[in-house]
Each structure stands twice: as structure tokens, then as C-alpha cells.
Amino acid sequence: MRQRLPVVLVLPALAGLAFLLVPLIGLLVEAPWTTLPSQLVSAEVGEALKLSLVCASLATVVCLVLGVPLAWLLARGDLPGTGVVRALVTVPLVLPPVVGGVALLLVLGRRGLVGQHLDAWFGVSLPFTTAGVVVAEAFVAMPFLVISVEGALRAADRRYEEAAATLGASRWLTFRRVTLPGVLPGVVAGTVLCWARALGEFGATITFAGNFPGTTTTMPLAVYLALETDPDAAIVLSVVLLLVSVAVLAGLRDRWIRA
Amino acid sequence: MTLHAELRVRRGGFDLGVDLGVERGEVVALLGPNGAGKTTALRALAGLTPGGRVTCDGSAWDGLPAERRPVGVVFQDYLLFAHMSVLDNVAFGPRARGTRKAEANARALDHLRQVGLEDFAKAKPRTLSGGQAQRVALARALATSPELLLLDEPLAALDASTRLRVRSELARHLRTYEGHTLLVTHDPLDAMVLADRIVILEGGRAVQEGAPREVVRQPRTDYVAHLVGLNFYRGTAHSTEVRLDDGGTLTVAEPADGPVHVVFPPSAVSLYQEKPAGSPRNTWPVTVSGIEQHAHTTRVDLDGSPAVLADVTTATVAELRLQPGDELWASLKATEIHTYPR
């Protein structure tokens, strides 16, 4: 027999659910559905959406290339000070993104610690460019991937890696053929989180990359700008972001994360 | 053509120190209770845990990591790679050691054929039965043609009905394998059936070593005696009288002198309600402390001097109406007792 659910828990739970969902529903209700198709094909929205998708995807690739090995090192490196490094990795997670943007500017800016050399030796300047958007998004999103992949690696049975070693596999081969396939669901979940975080990134982007339509104005920035000049456009942009996020999460959830 | 190992592993409060020798073609079983260090010894041989020296046919393996040792391991729960097909699992070793894909696959298929599983080459490991998975694990370990084959409790994960069949199959495969084989188990039957020689490991030390029938006949520790189901005592013999260390005296048929081990089967002990009169046999008062039903007999645990295990028939149990706490007389023929020097 099912017990009655306690009201003390159910009421705040329902309130919490409403708190999360009502704003999203409001967005959908308020959306100017009649003019929406024409707004969507407008140059500004299309440009911002394309830029957002490209930058978030590139940032995710950067995070995968750097973050998966970092997660492996944290989970398998058996190095001293791993705990401290793990704590440091999570700092960008809790850091206000604007502060991250300022920090990036100080290091990679034209007069920054690293930026001045990039400028002098390679003629590369990251701030206020599309590449800068990717850097800012990767900086903010990478901890999500690292934490997720590291958790999966720690939960995985290391004895499979030992079995691979007794069969003559080097650690690199073991990582590729045994470890990585074993934690694939964790990697995919981390990638989705990372991509979603990069797609919504605002603070670090606007600080480090500025707001130049066509090169650095991603969707979140466009939403913020439009809110002052054309509220309807802001709503349309928001709805698009919402739909893209939900679609990606839902699509991947069914195929990967549930397992 | 011998493999010599001096294994020394110290970890936390545990200390493993055991010397092993395995001849080519020989199967040695490392038998011991849980926590005796069997798996640690296996890991040290495989190079998964550092500690000790290993030489095989004159070449030293010291300091070599696992992936560079010519070793094949069958793990307790097999550890087949779930995302690969059976064939890819078996071909993994040869591939990792640099064999071309086509040749590795051919060799893997050959090994699968030897264990009768070539039809399952395309299958995923999770579709296999326990016995099949064990055979794939064996094929995978042998596919690299290792010098040393290590088996960690190879039958422990199987249910009782398949274990019998898989055990005899495994025995057949081990007979055809030409390298050195070390088997780790806590099941005496596995050790008796599969091994040419048994090393008993207790508390990180080898306490007894010998051919299976030798170990069965002349146990040297309580653990081994318990495994093979014998009453076991230490004592000092003066001609045909043995004074037991833990109390009591037994009369034996074979005269001996000095410290000895004393064994006799529980079935040699008879129980009576009254003291049996006028017999030269060993007779002493005992108290029932436990009764355990086995397949065809009842094992009675008796306190006394000495304490003893007795196997009696169900008829005897009914006749004596055995209950814990009952006071009885145990008697034992001198000719049933076997002594050997310690």
C-alpha cells in the first residue's frame, strides 16, 4: 500500500517546480508567434544564432581535447596534490563569469602576461574577436566537463584497465580502447552540460570579447541588447535559445544519458 | 626451464613473503583462506603490484610493468571488455603486442575454436553464460602465448552445476598448455583436480607444499586438515602412545618417537551412550556441542579431551537421540590413526 505523501514536503516541492517552469511558460506565452517566423529569418537573429552555435561547439571541442585528459590525470594520475588541483579546477565553476572575463583580459589581453607575447611573436590578439568568444566560453564551461568525466572515471572499475595491461596494452592504448568506451556515457553527459553552459555564457564573453555584431555578439548578448531596443526581438531570441537547449538535452538524454 | 619467484609485498599491516617455483608444463595451485595473500601474490607475479623478483628461463622480470611481462591472466570475474565482441576481446592481446589486425583476428579465432566458441566470435560478452565467459577469458589470456598463465579463482563465479563441467574442461586445457601455470583458489577441489602441486598459503606465508595426494593425507595445519575433512592434532609420540599438545592421549598402531602430527577421519570415530567395556581401543568421554547434517552422514562436533569430529549414520542419530549437551563416549581404533613427523 502506498503511504500518503507528507504535505510539508509536497507543497514546497510543487512551489519549486512552479518557480522553475512558470518563467519558461511565460516566455512561450508572451512570444509574438505571428511575427516570429519573420524575426527568425532576420539577419541579426540568424547571425547571432549561427555565431552562438559555432562558438559553443568550438569551445566544447576545446574542452574535450583539454578536459578529458585533465580529468584522466585527476582520476588516474596518482600524483601528489591532486586534491588541490581538483579544487582549483572547480574554481571557474563558482567564479562569477565577469571575474573570469576580467582575468582572461589581464592574461590574454594585448598587454597581458601571455597576450603581449602572443601579439609580439605571432601577431595574435584574442580579445574582442570570435576566437576570444570561444576562449571565454571554454574557460567557463570546461569545469563542467572535467568534473563529469572525472566522476565517471573514478566510478569505473579500474580492474578492466589492469586486465588490458596484462594483455600488453600501453596506458594510451588502454585509455583509448578500454577506459574511454567504458566512461562514454559520462563523457557525453559532460559534453552536453559543457555545450549548454557555453551556449548560455554571457559575463565572461562580454567582458573579454566585447559585443560586436557578427563577430562576438552571441545569442545571450543579443538578447540583452534587444531588451532595451526591441523587447519582442528579445523574446524571440530567448525562445530560440530555450528551444535549442531543450532539444539538445532531450535528444541526447534519450540516446545516451539514461543508460 | 623453471619460473622462480620470490614475492615480497608489504602493504599496511599485511606482509607477503613466499617463494614459488613452477616447472614448464606444471600447474601449481596456491590454496589458502581469504586474506592469505593469494591474490596479492598473483598480482605481484603479473606486475600489477610491485614487490619481489621473478625469473623465467633465466630472464629477470624485475621492474617490468604488467604490459611488458609475458603473462596471461584469467581474472576472477573474467573482466571481459563489454563494448567489444568476443573476437575483439581475444584479439586485443595480440593487437596490443603489435600483431597486424588480420593475423590477430585469425589467431583469436583459432583460440576460440580451441575452447569451442568460434560460433560466438561476433557476440557481445554479456550474452554469454558464465561458463562461456570463463572460456573466452581463458582464450584471451592464452592468445598472447604467455610464458606464465595466472588464474584467479577461475571457477568461483560459476554456479555449482556448471562448475563441475567447466572444471574438467579447464583441466583439459591446462594439460595442453605448455607454459607455467599458477592457479589461485580457496576451493580445495579446484586445487586437487587442476594442479600437479599445491602450495598452501596462510597469513602471507607458504605453510605446506606437495602433490595433492600428499597434502590430503598429511595436512600440516588446522586449515588444511579442515579443508580435507580430517581430525588433526599435534602431539609427542612415545612408541605407540601419543600425548596431544591440547590434552588427551591416543594409542596408535605405528610406533613413533618425538613430535608428530596425528590425523584420522571423522568416520573412524564411534559414539556410545555407555562406556564400551573391555577393549584396547581409545575411549574417552565427550559432550555434544554441535550437529550438522551432511549429504549421507551426520557430523557431530564433540568437546572432550581431545575434542573431536565424528561422522555417524542417520540411524545412529535416531538411536542415540543426539542433542547438544548430551554426554557420550567416543571410541577409535588404533589402526585408523595416522601419524607422521612434524
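According to UniProt (an unreviewed entry), chain A carries the feature "transmembrane region" at residues 7-29, 49-75, 87-108, 128-149, 178-198 and 233-252. The structure discussed here is a predicted model. Two of these annotated segments may be set against the modelled secondary structure. Residues 87-108 of chain A are 86% helix and 0% strand, with the end C-alpha atoms 23 Å apart. Residues 178-198 of chain A are 95% helix and 0% strand, and here the end C-alpha atoms lie 29 Å apart.

**Chain B**

Chain B contains 9 helices and 18 strands. Its C-alpha trace spans about 80 × 40 × 35 Å along the principal axes. Of its 342 residues, 50% count as buried. Among contacts in chain B between residues at least 6 apart in sequence, 64% join residues at least 24 apart.

Beyond neighbours within four places in sequence, the residues in contact with Arg299(B) include Gly229(B), Pro266(B), Glu292(B), His294(B) and Leu309(B).

**The interface between the chains**

At the interface, 20 residues of chain B are in contact with 14 residues of chain A. The two chains bury about 1,700 Å² between them, 65% of it on carbon and sulfur atoms. Glu67(B), Leu79(B) and Phe92(B) supply 32% of the area that chain B buries against chain A, more than any other three residues.

Polar interactions also cross this boundary. There are 6 residue pairs in polar contact between chain B and chain A, with both residues at pLDDT 80 or more. The interface holds 2 salt bridges, and one of them pairs the side chains of Arg43(B) and Glu162(A). Helix H1 (38-46), strand E6 (71-74) and helix H2 (86-96) of chain B each supply at least two residues of the side that touches chain A. The largest share, 3 residues, comes from H2(B). By class, this side of chain B has 12 nonpolar, 3 polar and 5 charged residues.

**Salt bridges**

Side chains of opposite charge can pair when their charged atoms come close. Over all chains, the whole structure has 23 salt bridges.

| Salt bridge | Distance, N to O |
|---|---|
| Arg43(B) and Glu162(A) | 2.7 Å |
| Arg8(B) and Asp19(B) | 3.0 Å |
| Asp62(B) and Arg53(B) | 3.3 Å |
| Arg197(A) and Glu201(A) | 3.6 Å |

Arg197(A) counts as partly exposed because its relative accessibility is 24%, whereas Glu201(A), at 1%, counts as buried.

Arg8(B) lies in strand E1 (residues 2-11) and Asp19(B) in strand E2 (residues 14-23), so the pair ties together parts that are 11 residues apart in sequence. Arg8(B) is partly exposed at 43% relative accessibility, and Asp19(B) is partly exposed at 46%.

The salt bridge of Asp62(B) with Arg53(B) also has partly exposed partners: Asp62(B) has a relative accessible area of 29%, and Arg53(B) has a relative accessibility of 48%. Elsewhere in chain B, Arg163(B), Arg167(B), Asp187(B) and Asp190(B) form one network through salt bridges that share partners.

Technical notes
Residues numbered from 1 in each chain as written. Chains lettered and ligands numbered in written order. Predicted model: local features only at pLDDT ≥ 70, side-chain atom pairs only at ≥ 80, totals over all residues. Heavy atoms only, no water. Contact = heavy atoms within 4.5 Å. Buried area = accessible area lost by both parts, 1.4 Å probe. Salt bridge = Lys/Arg side-chain N within 4 Å of Asp/Glu carboxyl O. Polar contact = N/O pair within 3.5 Å; in protein donor to acceptor, adjacent residues only side chain to side chain. Helix = DSSP H or I, 4+ residues; strand = E, 2+ residues; numbered from the N terminus. Nonpolar A, V, L, I, M, F, W, Y, C, P; charged D, E, K, R; others polar. UniProt positions renumbered as here; feature names shortened; annotations may be inferred. Buried < 20%, exposed > 50% of the residue type's maximum accessible area, 1.4 Å probe, protein only.
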